[in-house]
Amino acid sequence: MGDLVLHLDNINKSFGGLSALSDVNLHVEEGTTHAIIGPNGAGKSTLLNVCIGRLKPDTGKVTFAGEVLTGREPHEITQLGVARVFQTPEIFQEMTLLENVMIPAFSHRDGAFRLNANKLLSKQGEIRDEAEHILEDVGLKDMMLTEAGSLSRGDKRRLELGMCLILRPRLLLLDEPTAGMARHDTNQTIELLKKIKSRGMTKVIIEHDMHVVFSLADKVSVLARGQIIAGGDPQSVREDPKVKEAYLGGAH
Amino acid sequence: MTNMKKPSFNDTMLILVFAAAILAMPLWLDPFGGNYPDLLQKFAIYGIFAIGFNILFGLTGYLSFGHAAFLGVGSYAAVWSFKLLTMNAIPAVIFGVLFAGLLAAIIGFLSLRRTGIYFSILTLAFAQMSYNLAYSVLTPITNGETGLQLARSDPRILDKLFSDGPASAGLPSTELFGETMSGYPGFYFCAVLLIIGFYISLRIFRSPFGLMLKGIKSNQNRMKYTGLNTRPYMLTAFIISGMYAGLAGSLLAVTDPLAGAERMQWTASGEVVLMTILGGAGTLVGPMLGAGLIKYFENIFSSFDDSVLQQAFSFLPDSVLEIVVPVVGLFVGSGWHLTLGLLFMIIVIFLPGGLVEGFRRIFNYFTSGGGKAETQSVEAHNQAGE
């Protein structure tokens with residue numbers, strides 16, 4: 001396995017008096033899929049929000065590939081190669097699927113800002129080709145001229161994943177990518193995530209569904225009441241008595 | 001949103017039809033009583049104002065309530081250019097656009113820190129501040145309540161340099177290389193700038209920059225997580241839109257070299273919002289339609305009085321006439337605001353996409369109804385071009 005690429009050191013975060021994360025340390029190896037599991041309210045989403053710059057931790061810092069992410073703007077973090085799939089798909093509802101994917105393609109090519117007001121969209125063939133290619137990868141090419149708002153929940157997730165993939169991220173953060181999906185859709189999404197695994201990007205995935213976790217993850221960390229209580233390869237985590245206790249005697 | 005499928009041929013057609021419709025306004029507005037230069041100039045000038053406003057509001061969804069400030073600054077800059085440099089319209093227009101752009105950069109930089117209603121209130125506050133400053137502290141520049149006017153004693157440095165004869169008696173008039181900028185020449189000058197402005201707006205709508213602005217309107221959060229810094233995009237859109245307003249303001253001064261602070265009042269900011277929504281925010285020709293409609297109402301409907309109505313309804317028997325004329329009279333003349341208000345309510349409730357959506361629905365109704373698609377498409381295009 002490769003080197004450690006993502007470091008979360010001594011992260012503390014509390015909302016009012018409530019401590020959401022206390023002293024979280026997490027290190028992710030390059031090229032692996034690292035799952036974070038835990039009962040409801042364990043602080044999983046807070047952890048991702050801290051990574052992507054949506055929340056500032058009270059103490060501690062997040063480092064990715066030698067760059068400190070803490071304190072940077074979301075767009076700067078994305079420019080460093082970190083992309084995120086949200087729990088509720090964040091897409092451009094009123095636009096076509098093609099436009100949905102072309103927008104991040106422009107962001108990726110042009111950086112944080114470039115005044116492209118004198119060029120015509122219809123002349124941007126290479127961006128369009130790239131977008132069509134990605135839509136084919138996520139299985140939505142047939143619908144590329146329909147409006148994104150009319151998609152099913154599963155398709156919206158796939159679209160959002162495509163919007164992240166076109167950024168060619170080095171680190172992909174996935175927040176419950178299969179929540180609310182039917183089993184068939186879930187399996188399709190697992191296949192898709194397995195397919196992109198071969199591209200060598202690092203993935204951190206938050207997931208409820210153990211079926212998904214054990215099909216995808218190389219490493220698993222268990223978060224309960226804001227603390228990492230166990231970590232390791234999926235098999236050993238499954239056997240860990242502390243994990244069983246957290247799930248049975250915890251929030252459930 | 002299918003703009004990528006359309007070949008650019010359609011856009012060329014659109015710009016040609018638009019240009020033809022604008023330049024031919026004196027012809028086709030004649031039967032509607034709208035063919036006099038003063039009104040035609042207003043159509044073109046407020047068309048520019050609304051098209052520019054639409055670049056901000058239509059594309060990014062940020063509702064500015066302070067665009068009248070840029071209109072006013074454009075006017076003041078133009079009149080100062082007439083006073084200090086030359087009566088030629090071109091420097092006046094350039095200075096109007098530049099100063100409005102500069103003010104837009106400052107107001108935009110501060111206001112764009114907030115979104116939604118807070119952004120609207122901030123822009124409104126800045127515009128009201130400019131309006132009040134123009135009456136008080138800035139009186140040396142704005143000439144307060146009297147308004148900024150030309151005087152015989154103005155230096156007009158460039159004009160003095162190039163003219164050899166003695167200055168003529170009376171106030172000079174604004175001109176473009178010898179052509180006086182009032183009446184029809186004034187209209188055509190504004191119309192040409194309107195067509196250029198429309199073309200630039202079309203290019204922005206069709207560019208990657210425009211797509212990014214639409215993305216900000218649709219989901220600003222996702223935009224940030226594509227690695228895009230939304231702040232400079234928004235600021236650029238705000239400045240461009242302010243420059244359009246400055247252009248419109250300077251043209252108001254070109255056609256009538258007088259600038260008053262009332263041009264900056266919040267009602268003027270509200271008017272451009274009405275125009276854009278009435279015609280269809282986010283559409284290309286909608287704002288022009290809205291501007292035309294409102295200016296038409298303001299100038300034509302408001303001039304109807306009872307005698308005009310008596311004439312119009314003279315085919316009715318006298319007893320009916322006595323009822324009809326006073327009732328309709330409520331809606332015309334000084335009551336034209338009532339008609340406009342009702343029209344605005346009807347459009348917002350039934351046609352949230354404005355007049356353009358109305359035309360589109362009619363067009364779709366006919367194309368799905370029969371095989372007359374070809375002729376209908378040409379007609380719809382013409383209507384859209386108005």
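The questions and answers below go through sheets, helices, backbone angles and aromatic rings in a predicted model.

Reader: In the open sheet of four strands in chain A, which strands stand at the edges?
Author: The four strands of this open sheet in chain A follow the order 2-1-4-5, and their pairing is antiparallel. A strand at the edge has a single partner strand, so one side of it is left without a neighbour in the sheet, and in chain A this applies to strand 2 (18-29) and strand 5 (67-68).

Reader: Which residue in strand 2 of chain A is the bridge partner of A:L6?
Author: Strands of a sheet pair through backbone hydrogen bonds, either parallel or antiparallel. Strand 1 (residues 4-15) of chain A pairs with strand 2 of chain A in the antiparallel sense, over eight bridges. Within strand 2 of chain A, the bridge partner of A:L6 is A:V28.

Reader: At about what angle to strand 2 of chain A does helix 1 of chain A run?
Author: Helix 1 (residues 44-52) of chain A lies across strand 1, strand 2 and strand 4 (59-64) of chain A. Its direction, taken against that of strand 2 of chain A, gives an angle of about 65 degrees.

Reader: What is the average twist from one strand to the next in the open sheet of six strands in chain A?
Author: This sheet of chain A has the order 6-7-8-3-9-10, with mixed pairing. Strand 6 (82-85) and strand 10 (227-232) of chain A each have a single partner strand, so these two stand at the edges. From one strand to the next, the twist averages 20 degrees.

Reader: Which residue in strand 8 of chain A is the bridge partner of A:T33?
Author: Strand 3 (residues 33-37) and strand 8 (residues 202-206) of chain A pair in the parallel sense over four bridges. In strand 8 of chain A, A:T33 has as its bridge partner A:K203.

Reader: Is A:E176, with its positive phi, buried or exposed?
Author: Most residues other than glycine have a negative phi. A:E176 is not a glycine, yet its phi is positive, at about 45 degrees, and this residue lies in the loop between strand 7 (171-175) and helix 6 (183-197) of chain A. Because its relative accessibility is 8% and the limit is under 20%, A:E176 counts as buried.

Reader: Where does B:N143 lie, and how does its relative accessibility class it?
Author: B:N143, a residue other than glycine, has a positive phi near 60 degrees, and it lies in the loop between helix 7 (139-142) and strand 1 (148-149) of chain B. Its relative accessibility is 32%, so B:N143 counts as partly exposed.

Reader: How many charged residues are in the contact of helix 5 of chain B with helix 6 of chain B?
Author: Helix 5 (residues 89-111) and helix 6 (residues 116-135) of chain B pack at an angle of about 145 degrees, with their axes 9 Å apart, and the crossing is right-handed. In helix 5 of chain B, B:I107, B:L110 and B:S111 meet B:F119, B:L122, B:T123 and B:F126 of helix 6 of chain B. By class, this contact has five nonpolar residues and two polar ones, and the number of charged residues is none.

Reader: Why do the rings of B:F297 and B:F301 form a pair of the kind they do, and what is that kind?
Author: A search of the whole structure finds 15 aromatic pairs over all chains. The ring centres of B:F297 and B:F301 are 4.5 Å apart and their planes stand at 25 degrees. Since planes under 30 degrees apart are needed for this class, the pair is stacked.

Conventions: Residues numbered from 1 in each chain as written. Chains lettered and ligands numbered in written order. Predicted model: local features only at pLDDT ≥ 70, side-chain atom pairs only at ≥ 80, totals over all residues. Heavy atoms only, no water. Pairing = 2+ DSSP bridges. Contact = heavy atoms within 4.5 Å. Axes fitted to C-alpha atoms, helices over the stretch in contact; angles between N-to-C directions. Buried < 20%, exposed > 50% of the residue type's maximum accessible area, 1.4 Å probe, protein only. Left-handed = near helix turned anticlockwise from the far one by under 90°. Nonpolar A, V, L, I, M, F, W, Y, C, P; charged D, E, K, R; others polar. Phe/Tyr/Trp six-rings, centres within 6.5 Å; stacked < 30°, edge-to-face > 60°.
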